[in-house]
Amino acid sequence: MPEPLATRAAPPTTAAVPGPHLGLTWRPLAADDAAALHALAQRCEAVDEPLMRTSPLDAEKILTRPAATADSLGGFDGAGQLRAAAFVHSPLGDETTARVFISASIDPTWRGRGVGRALLEWQDGRARQILATLDQALPGRIGAYIDEHLHDRRRLYAAAGFSPKRTFRQMRRPLSGGPEPVPAPVPEGIEIRGWDPEIDDAVRVAHNEAFQDHWGSQPVSEESWSSSLSDIEPGWSMVAVDTSSGEVAGYALTARHDYQWPALGHSEGFTELIGVRRPYRGGGLARALLGTVLVALHRDGVDVAGLDVDDANPSGAHRFYERMGYEAGGARILYTIEI
(Lines give C-alpha, C1' and ligand atoms only; values in the text may rest on other atoms or scores of the structure.)
Protein backbone atom coordinates (compact mmCIF):
# COMPACT_ATOMS: atom_id res chain seq x y z
CA MET A 1 0.00 0.00 0.00
CA PRO A 2 1.33 3.46 -0.86
CA GLU A 3 1.73 5.98 1.91
CA PRO A 4 -1.22 8.34 2.41
CA LEU A 5 -1.17 11.41 0.19
CA ALA A 6 -0.74 13.66 3.21
CA THR A 7 2.50 11.84 4.03
CA ARG A 8 3.75 11.93 0.46
CA ALA A 9 2.89 15.61 0.05
CA ALA A 10 4.81 16.55 3.23
CA PRO A 11 2.87 19.78 3.74
CA PRO A 12 4.56 22.54 5.78
CA THR A 13 2.90 23.69 8.98
CA THR A 14 2.83 27.21 7.51
CA ALA A 15 3.24 28.26 3.88
CA ALA A 16 5.90 30.97 3.85
CA VAL A 17 4.53 34.36 2.73
CA PRO A 18 7.13 36.47 0.87
CA GLY A 19 9.10 38.69 3.22
CA PRO A 20 8.84 42.48 3.58
CA HIS A 21 12.32 42.90 2.07
CA LEU A 22 10.70 42.47 -1.35
CA GLY A 23 8.91 45.79 -0.89
CA LEU A 24 5.31 44.57 -1.10
CA THR A 25 2.54 44.09 1.44
CA TRP A 26 0.78 40.74 1.17
CA ARG A 27 -2.81 39.63 1.76
CA PRO A 28 -5.33 37.17 0.28
CA LEU A 29 -7.29 38.55 -2.65
CA ALA A 30 -11.07 38.93 -2.55
CA ALA A 31 -13.84 39.32 -5.11
CA ASP A 32 -13.61 43.11 -5.01
CA ASP A 33 -9.98 42.89 -6.20
CA ALA A 34 -11.13 41.65 -9.61
CA ALA A 35 -10.61 44.98 -11.41
CA ALA A 36 -7.10 45.33 -9.96
CA LEU A 37 -6.29 41.73 -10.92
CA HIS A 38 -7.48 42.27 -14.48
CA ALA A 39 -5.39 45.44 -14.75
CA LEU A 40 -2.33 43.52 -13.50
CA ALA A 41 -2.99 40.75 -16.03
CA GLN A 42 -3.20 43.30 -18.86
CA ARG A 43 0.15 44.85 -17.90
CA CYS A 44 1.75 41.41 -17.83
CA GLU A 45 0.16 40.27 -21.07
CA ALA A 46 1.34 43.38 -22.94
CA VAL A 47 4.90 42.14 -22.30
CA ASP A 48 4.49 38.36 -22.24
CA GLU A 49 2.13 38.04 -25.24
CA PRO A 50 0.57 34.84 -23.85
CA LEU A 51 -1.43 32.41 -25.93
CA MET A 52 -4.51 32.99 -23.76
CA ARG A 53 -5.54 36.43 -22.47
CA THR A 54 -7.47 37.22 -19.31
CA SER A 55 -10.96 38.72 -19.49
CA PRO A 56 -12.65 40.68 -16.69
CA LEU A 57 -14.92 37.65 -16.18
CA ASP A 58 -11.88 35.38 -15.88
CA ALA A 59 -10.55 37.58 -13.07
CA GLU A 60 -13.88 37.37 -11.27
CA LYS A 61 -14.05 33.59 -11.60
CA ILE A 62 -10.49 33.16 -10.30
CA LEU A 63 -11.35 35.12 -7.16
CA THR A 64 -14.58 33.23 -6.41
CA ARG A 65 -13.26 29.66 -6.41
CA PRO A 66 -14.36 27.51 -3.42
CA ALA A 67 -12.30 28.56 -0.39
CA ALA A 68 -11.82 24.96 0.80
CA THR A 69 -9.70 24.05 -2.24
CA ALA A 70 -8.31 27.41 -3.39
CA ASP A 71 -6.16 30.23 -2.07
CA SER A 72 -4.64 33.47 -3.32
CA LEU A 73 -2.01 35.99 -2.34
CA GLY A 74 -1.66 39.55 -3.60
CA GLY A 75 1.33 41.86 -3.22
CA PHE A 76 0.60 45.61 -3.02
CA ASP A 77 3.09 48.47 -3.32
CA GLY A 78 3.18 51.52 -1.09
CA ALA A 79 0.54 53.27 -3.21
CA GLY A 80 -1.84 50.31 -2.82
CA GLN A 81 -1.44 49.07 -6.40
CA LEU A 82 -1.51 45.32 -7.01
CA ARG A 83 1.92 44.32 -8.32
CA ALA A 84 1.90 40.53 -7.90
CA ALA A 85 -0.71 37.82 -7.53
CA ALA A 86 -0.48 34.07 -6.98
CA PHE A 87 -3.17 31.41 -7.03
CA VAL A 88 -3.54 27.81 -5.92
CA HIS A 89 -6.62 25.69 -6.60
CA SER A 90 -7.78 22.07 -6.82
CA PRO A 91 -10.53 21.23 -9.35
CA LEU A 92 -13.69 19.61 -8.05
CA GLY A 93 -14.38 15.95 -8.81
CA ASP A 94 -10.92 14.46 -9.41
CA GLU A 95 -11.11 10.65 -9.19
CA THR A 96 -7.81 9.14 -10.32
CA THR A 97 -5.27 11.89 -9.56
CA ALA A 98 -5.55 14.57 -6.87
CA ARG A 99 -4.48 17.73 -8.66
CA VAL A 100 -3.59 21.22 -7.51
CA PHE A 101 -2.83 23.91 -10.10
CA ILE A 102 -0.84 27.08 -9.53
CA SER A 103 -0.47 30.33 -11.49
CA ALA A 104 1.00 33.76 -10.85
CA SER A 105 1.34 37.23 -12.37
CA ILE A 106 4.23 39.61 -11.62
CA ASP A 107 4.08 43.21 -12.82
CA PRO A 108 6.86 43.61 -15.44
CA THR A 109 8.36 46.54 -13.51
CA TRP A 110 8.69 44.32 -10.41
CA ARG A 111 10.40 41.37 -12.04
CA GLY A 112 13.97 40.36 -11.34
CA ARG A 113 13.66 41.09 -7.60
CA GLY A 114 12.94 37.58 -6.33
CA VAL A 115 9.15 38.03 -6.12
CA GLY A 116 8.45 35.10 -8.45
CA ARG A 117 10.68 32.70 -6.52
CA ALA A 118 9.13 33.74 -3.22
CA LEU A 119 5.60 33.31 -4.52
CA LEU A 120 6.44 29.91 -5.96
CA GLU A 121 7.68 28.80 -2.53
CA TRP A 122 4.37 29.93 -0.97
CA GLN A 123 2.39 28.19 -3.73
CA ASP A 124 4.30 24.93 -3.26
CA GLY A 125 3.53 25.00 0.46
CA ARG A 126 -0.17 25.78 0.00
CA ALA A 127 -0.51 23.19 -2.78
CA ARG A 128 0.90 20.51 -0.49
CA GLN A 129 -1.43 21.60 2.31
CA ILE A 130 -4.43 21.29 -0.02
CA LEU A 131 -3.26 17.91 -1.32
CA ALA A 132 -3.16 16.69 2.28
CA THR A 133 -6.94 17.32 2.51
CA LEU A 134 -7.83 15.33 -0.64
CA ASP A 135 -8.35 11.60 -1.27
CA GLN A 136 -5.44 9.97 0.57
CA ALA A 137 -5.27 6.93 -1.72
CA LEU A 138 -4.70 8.89 -4.93
CA PRO A 139 -1.46 9.94 -6.56
CA GLY A 140 -0.95 13.70 -6.27
CA ARG A 141 0.13 16.34 -8.74
CA ILE A 142 1.07 20.01 -8.52
CA GLY A 143 0.78 21.52 -11.99
CA ALA A 144 1.32 24.79 -13.81
CA TYR A 145 0.69 25.65 -17.47
CA ILE A 146 3.47 27.76 -18.98
CA ASP A 147 3.63 29.12 -22.51
CA GLU A 148 6.37 27.51 -24.54
CA HIS A 149 7.99 30.85 -25.44
CA LEU A 150 8.32 32.08 -21.82
CA HIS A 151 11.78 30.63 -21.26
CA ASP A 152 12.58 32.55 -18.04
CA ARG A 153 9.41 31.24 -16.41
CA ARG A 154 10.13 27.70 -17.55
CA ARG A 155 13.61 27.92 -15.99
CA LEU A 156 12.09 29.21 -12.73
CA TYR A 157 9.77 26.23 -12.46
CA ALA A 158 12.47 23.75 -13.43
CA ALA A 159 14.72 25.15 -10.69
CA ALA A 160 11.88 24.62 -8.21
CA GLY A 161 11.62 20.91 -9.06
CA PHE A 162 8.93 20.96 -11.75
CA SER A 163 9.32 18.89 -14.92
CA PRO A 164 7.59 19.25 -18.31
CA LYS A 165 4.86 16.61 -18.41
CA ARG A 166 2.71 17.34 -21.46
CA THR A 167 2.53 19.88 -24.29
CA PHE A 168 -0.76 21.28 -25.60
CA ARG A 169 -0.37 22.96 -28.99
CA GLN A 170 -2.69 25.48 -30.56
CA MET A 171 -3.72 24.92 -34.16
CA ARG A 172 -5.50 27.34 -36.46
CA ARG A 173 -7.26 27.25 -39.81
CA PRO A 174 -7.76 30.47 -41.83
CA LEU A 175 -11.33 30.98 -42.99
CA SER A 176 -11.45 34.47 -44.51
CA GLY A 177 -10.28 34.91 -48.07
CA GLY A 178 -10.40 31.20 -48.79
CA PRO A 179 -12.91 28.70 -50.17
CA GLU A 180 -16.04 28.03 -48.17
CA PRO A 181 -15.65 24.95 -45.95
CA VAL A 182 -17.49 21.92 -47.24
CA PRO A 183 -19.57 19.96 -44.68
CA ALA A 184 -18.47 16.37 -44.12
CA PRO A 185 -21.01 13.54 -44.40
CA VAL A 186 -22.95 12.84 -41.21
CA PRO A 187 -22.98 9.16 -40.19
CA GLU A 188 -26.29 7.36 -40.64
CA GLY A 189 -28.55 7.53 -37.60
CA ILE A 190 -26.94 10.74 -36.32
CA GLU A 191 -28.32 14.26 -36.29
CA ILE A 192 -26.05 17.24 -35.73
CA ARG A 193 -27.81 20.12 -34.04
CA GLY A 194 -26.80 23.37 -32.39
CA TRP A 195 -25.94 23.39 -28.69
CA ASP A 196 -28.58 24.71 -26.31
CA PRO A 197 -28.81 24.91 -22.50
CA GLU A 198 -31.41 22.13 -22.27
CA ILE A 199 -28.95 19.52 -23.55
CA ASP A 200 -25.91 20.97 -21.78
CA ASP A 201 -25.72 18.53 -18.88
CA ALA A 202 -26.12 15.56 -21.22
CA VAL A 203 -23.15 16.95 -23.16
CA ARG A 204 -21.15 17.21 -19.92
CA VAL A 205 -21.90 13.57 -19.09
CA ALA A 206 -20.95 12.54 -22.64
CA HIS A 207 -17.73 14.54 -22.34
CA ASN A 208 -16.77 12.78 -19.11
CA GLU A 209 -17.30 9.43 -20.82
CA ALA A 210 -15.52 10.40 -24.05
CA PHE A 211 -12.46 11.68 -22.19
CA GLN A 212 -12.07 8.73 -19.81
CA ASP A 213 -9.23 7.43 -21.98
CA HIS A 214 -7.50 10.81 -22.45
CA TRP A 215 -4.31 11.47 -20.50
CA GLY A 216 -4.79 13.61 -17.41
CA SER A 217 -8.54 13.97 -17.83
CA GLN A 218 -10.76 13.91 -14.74
CA PRO A 219 -14.57 14.03 -14.51
CA VAL A 220 -15.90 17.59 -14.79
CA SER A 221 -18.46 18.59 -12.15
CA GLU A 222 -21.55 20.65 -13.01
CA GLU A 223 -20.07 23.70 -11.31
CA SER A 224 -16.71 23.45 -13.06
CA TRP A 225 -18.38 22.79 -16.40
CA SER A 226 -20.57 25.89 -16.33
CA SER A 227 -17.69 28.08 -15.15
CA SER A 228 -15.15 26.89 -17.71
CA LEU A 229 -17.51 27.15 -20.69
CA SER A 230 -18.94 30.61 -20.02
CA ASP A 231 -17.72 31.92 -23.42
CA ILE A 232 -19.35 29.17 -25.48
CA GLU A 233 -21.09 30.55 -28.58
CA PRO A 234 -24.28 28.51 -29.25
CA GLY A 235 -24.26 29.20 -32.99
CA TRP A 236 -20.73 27.79 -33.31
CA SER A 237 -21.20 24.77 -31.05
CA MET A 238 -22.55 21.46 -32.30
CA VAL A 239 -23.97 18.34 -30.66
CA ALA A 240 -24.36 14.98 -32.40
CA VAL A 241 -27.45 13.05 -31.26
CA ASP A 242 -28.32 9.42 -31.91
CA THR A 243 -31.74 9.66 -33.57
CA SER A 244 -32.89 6.26 -32.29
CA SER A 245 -31.94 6.64 -28.62
CA GLY A 246 -31.72 10.40 -28.19
CA GLU A 247 -28.28 10.02 -26.58
CA VAL A 248 -25.47 12.48 -27.14
CA ALA A 249 -22.91 10.79 -29.38
CA GLY A 250 -20.42 13.63 -29.69
CA TYR A 251 -19.96 17.39 -29.45
CA ALA A 252 -17.80 20.30 -30.60
CA LEU A 253 -18.08 23.32 -28.31
CA THR A 254 -16.65 26.55 -29.68
CA ALA A 255 -16.05 29.78 -27.78
CA ARG A 256 -16.11 33.45 -28.73
CA HIS A 257 -13.11 34.92 -26.86
CA ASP A 258 -13.57 38.33 -28.46
CA TYR A 259 -11.47 40.02 -25.77
CA GLN A 260 -8.49 38.22 -27.35
CA TRP A 261 -9.14 39.32 -30.91
CA PRO A 262 -7.27 42.67 -30.78
CA ALA A 263 -4.09 40.90 -29.65
CA LEU A 264 -4.55 38.12 -32.21
CA GLY A 265 -5.19 40.57 -35.01
CA HIS A 266 -8.21 38.62 -36.24
CA SER A 267 -11.58 37.29 -35.14
CA GLU A 268 -11.61 33.67 -34.06
CA GLY A 269 -13.85 30.84 -33.01
CA PHE A 270 -11.91 28.57 -30.64
CA THR A 271 -13.19 25.01 -30.30
CA GLU A 272 -12.60 24.36 -26.61
CA LEU A 273 -13.83 20.77 -26.56
CA ILE A 274 -14.46 18.14 -29.20
CA GLY A 275 -15.22 14.55 -28.34
CA VAL A 276 -16.98 11.42 -29.56
CA ARG A 277 -18.17 8.65 -27.26
CA ARG A 278 -16.45 5.33 -27.88
CA PRO A 279 -19.47 3.48 -29.44
CA TYR A 280 -19.67 6.18 -32.14
CA ARG A 281 -15.98 6.41 -33.08
CA GLY A 282 -14.49 5.38 -36.40
CA GLY A 283 -17.41 6.49 -38.58
CA GLY A 284 -16.40 10.06 -39.39
CA LEU A 285 -18.43 11.76 -36.68
CA ALA A 286 -15.59 13.98 -35.44
CA ARG A 287 -15.00 15.20 -39.00
CA ALA A 288 -18.72 15.91 -39.43
CA LEU A 289 -18.89 17.84 -36.15
CA LEU A 290 -15.83 19.96 -36.81
CA GLY A 291 -16.84 20.51 -40.43
CA THR A 292 -20.20 21.84 -39.25
CA VAL A 293 -18.39 24.22 -36.88
CA LEU A 294 -16.20 25.50 -39.72
CA VAL A 295 -19.25 26.14 -41.90
CA ALA A 296 -20.90 28.10 -39.08
CA LEU A 297 -17.79 30.20 -38.45
CA HIS A 298 -17.38 30.96 -42.16
CA ARG A 299 -21.08 31.88 -42.40
CA ASP A 300 -20.63 34.43 -39.60
CA GLY A 301 -17.57 36.01 -41.19
CA VAL A 302 -15.06 34.75 -38.61
CA ASP A 303 -11.46 35.00 -39.82
CA VAL A 304 -9.89 31.96 -38.15
CA ALA A 305 -10.88 28.68 -36.48
CA GLY A 306 -8.71 27.57 -33.56
CA LEU A 307 -8.31 24.69 -31.13
CA ASP A 308 -5.57 22.97 -29.16
CA VAL A 309 -4.31 19.40 -29.08
CA ASP A 310 -2.13 17.24 -26.87
CA ASP A 311 1.14 16.77 -28.78
CA ALA A 312 1.43 13.25 -27.37
CA ASN A 313 -2.14 12.19 -28.18
CA PRO A 314 -1.76 8.50 -29.15
CA SER A 315 -4.59 8.67 -31.68
CA GLY A 316 -2.67 11.19 -33.77
CA ALA A 317 -5.30 13.90 -33.37
CA HIS A 318 -2.94 16.57 -34.70
CA ARG A 319 -2.79 14.73 -38.03
CA PHE A 320 -6.59 14.66 -38.16
CA TYR A 321 -6.70 18.42 -37.62
CA GLU A 322 -4.01 18.97 -40.26
CA ARG A 323 -6.20 17.10 -42.74
CA MET A 324 -9.00 19.48 -41.77
CA GLY A 325 -6.78 22.42 -42.73
CA TYR A 326 -5.40 23.41 -39.31
CA GLU A 327 -1.76 24.46 -38.88
CA ALA A 328 0.35 24.11 -35.73
CA GLY A 329 1.22 27.19 -33.67
CA GLY A 330 2.37 28.01 -30.15
CA ALA A 331 1.97 25.70 -27.18
CA ARG A 332 1.42 25.58 -23.45
CA ILE A 333 3.50 23.13 -21.45
CA LEU A 334 2.18 21.48 -18.30
CA TYR A 335 4.95 21.45 -15.70
CA THR A 336 4.33 19.17 -12.73
CA ILE A 337 5.62 17.77 -9.48
CA GLU A 338 4.28 14.22 -9.16
CA ILE A 339 3.58 13.14 -5.58
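User: Which residue takes a positive phi in the hairpin of E8 and E9?
Analyst: This is a predicted model, where local features need pLDDT of at least 70, side-chain atom pairs count only at pLDDT 80 or more, and totals for chains, interfaces and linings use all residues. Numbering runs from 1 along each chain as its sequence is written, and side-chain values use heavy atoms, leaving out hydrogens and water. Strands (E, at least two residues) and helices (H or I, at least four) are DSSP runs, numbered from the N terminus. The hairpin has five residues between its strands, and the one with phi near 80° is Gly246.

User: Over how many bridges does E8 pair with E9?
Analyst: Two strands pair if DSSP finds at least two bridges between them. Here Val239 stands opposite Tyr251 in E9. The sense of E8 (residues 238-242) and E9 (residues 248-255) is antiparallel, and the count of bridges is four.

User: Is Ser244 buried or exposed?
Analyst: Ser244 sits in the loop between E8 and E9. Gly189 is 55 residues away in sequence, yet 7.0 Å away in space, C-alpha to C-alpha. The relative accessible area of Ser244 is 69%. That is over 50%, so Ser244 is exposed.

User: Which residue's side chain makes a polar contact with the side chain of Ser244?
Analyst: A polar contact is a pair of N or O atoms within 3.5 Å; within protein, one must be able to donate a hydrogen and the other to accept it, and residues adjacent in sequence count only if both atoms are side-chain atoms. For Ser244 the distance is 2.6 Å, and the partner is Asp242.

User: What is the relative accessible area of Arg99?
Analyst: Arg99 lies in strand E4 (residues 98-106). Its side chain makes a polar contact with the side chain of Asp94 at 2.9 Å. Arg99 is buried, with a relative accessible area of 13%.

User: How far apart are the end C-alpha atoms of H4?
Analyst: H4 (residues 115-131) has 17 residues, and 13 of them are buried. The expected span of a helix is 1.5 Å times one less than its number of residues. For H4 that should be 24 Å, which agrees with the end C-alpha atoms, apart by 24 Å.

User: Which residue with a positive phi follows H9?
Analyst: Helix H9 (residues 285-299) has 15 residues and reaches 21 Å from its first C-alpha to its last, close to the 21 Å expected. Its buried residues include Leu285, Leu289, Val293 and Leu297. The phi after H9 is near 75°, and the residue is Gly301.

User: Which strand gives the largest share of the lining of the second largest pocket?
Analyst: The lining divides into eight nonpolar, two polar and two charged residues, among them Leu29, Arg65 and Phe87. Strands E2 (70-76) and E3 (82-89) each supply at least two residues. The largest share, three residues, comes from E2.

Conventions:
Buried < 20%, exposed > 50% of the residue type's maximum accessible area, 1.4 Å probe, protein only. 1 Å grid on protein atoms, 1.4 Å probe; cavity = no way out; pocket = protein on both sides within 12 Å on 5 of 7 lines; lining within 4 Å. Nonpolar A, V, L, I, M, F, W, Y, C, P; charged D, E, K, R; others polar.
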